[in-house]
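Dear colleague,

I am handing over the structure below and would be glad if you could look through it alongside these notes.

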Amino acid sequence: MHVVATAGHVDHGKSTLVRALTGRDPDRFAEEKRRGLTIDLGFAWTELPGAGPVALVDVPGHERFVPTMLAGAGPVPATLFVVAADGGWMPQSAEHLAALDALGVRHGLLVVTRADLADPAPATERALAELARTSLGRVPAVACSAVTGQGLDEVRAALARLLAALPVPRAEAPVRLWVDRSFTVKGAGTVVTGTLGAGGVAVGDELELRGTRVRVRSVQSLEAEVERATALARVALNLRGVDRSDVRRGDALLTPGTHVHTDVVDVRLPAGEEGRQDAGQLVVHVGSAAVPARVRPLGADGDDALLRLQLAQPLPLRLGDRLLLRDPARHVVLGGATALDVRPPALRRRGAAAARAAQLSLLRGEPDEASELRRRQLVRAPLLRAMGVPVRSRPVAGDWYADPAHWARLGPALLEAVRAHRAAHPLQPGPSLEEARRTLGLPDRALVEALVAPPLRLADGRVVERTDTLPPAVERAVEAVLADLARQPFAAPDVERLRELRLGRTELAAAVRAGRLERVADGLVLAPGYRQRAADLLARLPQPFATADARRALGTSRRVAVPLLEELDRTGITRRGLDDRRTVTTGQGR
């Protein structure tokens, strides 16, 4: 299916043309029929030879209904621009064209109607010249009369050629269905309609509506039930568990996790757009949404303006989205802005706006992994996906991605932080993961863990650097302990001896980390290699042996023998039997 918006004409001529082409009346309200004025969006469709089904979205022409016009035209990629031969180019024609240009619509067909009432040539010449100066460029033109039927076949043929040249929508793309109507069907519940511009929707799909998950109960396209509709198409979705009051025009149904809901967006407004420097209150149009916004100028890039928009309510946006800016007080379309950043940083410091403008001047709104990583330095995969950034690199930790240059700087910074911590706290092993995270300004401790590399290591939740250096006083005390152990290897220093040498818990832990002593149990240390020495002595005993036998063989007290044997059990050097007797398992026993 193809979808085309009919625009350009202020009176009922568009609706008359749509009726003549499709045989269906797009005007739904009695007031529209009575006044001959399109008030709300109208919809009709037909089958074109060589093009298949085509849906026409008839938008209002009067200046009072410009927001409604934009709601219908915003999601549609092509336009049927209608001008009356007897009316010629009108202010509303210019306003519609400015909106289409701001939306970046590049495909169109000019239809000059009422050719039975006036020579269509002057109106055609003027309209083609006006269209040529916009994103539509040079378009084909056809004159016709919806009343006499003159030229209608030519309109259908030209429309079929236009549709054949349209780019094919991405069927695998995420869904963002802008709602243009919502209503209740008796016995079915809430139904919403919109133009499906990309992706596909099937019965049973789960979509996101303002952060809430909703289920699609049924799908219709051109009033026919279908299991799945793919872009480009007009669709009606029956939603399960959604009240009519919960959804309105301007809402969007989304593939979950694929768009950023944001009320702040930084944009580029092209050169030459009228009134672009004006700060204050504007209306931002995207899809079928119209949201008031405050504008903060950030700076300029050549003739382009770089702006920050503070939206009155969040919108689901992605990088590169086209946003139409309109001044409702002056009935002026300021132009089409491109979203450069949908999750911008706060601007709190003096000069922050100018610095931000310098960053934005490098961007054109094209999602790029390298560019986003360079700007954000660290970012999680869900945000990259939601912004529409294709990711090809590997995460550095969990779902975290990093700018390679920034990541390369963090490793040496962590080593420096560990050494600074050791200088300030010589008896502590190193900063905790949380302390290191805060020092480096990282958002997640997992990033600190990923940065740990030799000579750094993780030990008991801390980042430590392997070193043999101890403070001089501690080194002297350890030397005294080692001298004692050289005489009696298993006579571990008791509390009194440790107090005499001023070796507390912290000092002993530092000596153990330095490899100068080995921990047997809490407050109990021996010289390095004690396990093998104990195994050699215990292997000479008749096997199995009792704790008292081990105590005598090692020349130590029960205070030391019991935790030492438990450590040998834990490390597999000895095996404890049911009778509390042990056997050396290293092959050295009898």
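This is a predicted model: local features need pLDDT of at least 70, side-chain atom pairs count only at pLDDT 80 or more; totals for chains, interfaces and linings use all residues.

Residues are numbered from 1 along each chain as its sequence is written, and side-chain values use heavy atoms, with hydrogens and water left out.

Helices and strands are DSSP runs numbered from the N terminus (H or I, at least four residues, for helices; E, at least two, for strands). Helix H16 (residues 530–538) packs with H17 at an angle of about 110 degrees, the axes being 10 Å apart; axes are lines fitted to C-alpha atoms, for helices over the stretch in contact, and angles run from 0 to 180 degrees between N-to-C directions. H16 is therefore roughly perpendicular to H17 (angles of 65 to 115 degrees count as such, under 35 as roughly parallel, over 145 as roughly antiparallel and the rest as oblique). Ala 534, Leu 537 and Leu 538 of H16 make the contact with Ala 550, Ala 553 and Leu 554 of H17, where contact means heavy atoms within 4.5 Å. By class, this contact of H16 with H17 has six nonpolar, no polar and no charged residues (Ala, Val, Leu, Ile, Met, Phe, Trp, Tyr, Cys and Pro count as nonpolar, Asp, Glu, Lys and Arg as charged, and the others, Gly among them, as polar).

Helix H17 (residues 547–554) also packs with helix H18 (residues 558–570), at an angle of about 110 degrees and with axes 9 Å apart, which means that H17 is roughly perpendicular to H18. On the H17 side the contact is made by Thr 547, Ala 550, Arg 551 and Leu 554, and on the H18 side by Arg 558, Ala 561, Val 562, Leu 564 and Leu 565. The contact of H17 with H18 has six nonpolar, one polar and two charged residues.

As for backbone geometry, the peptide bond from Gln 543 to Pro 544 is cis, with omega near -10 degrees, and Pro 544 lies in the loop between H16 and H17. A cis peptide bond also runs from Pro 454 to Pro 455, with omega near 10 degrees; Pro 455 is in the loop between helix H12 (445–451) and strand E24 (456–459). Arg 114, although not a glycine, has a positive phi of about 60 degrees, and its place is in the loop between strand E5 (107–113) and helix H5 (120–132).

With regards
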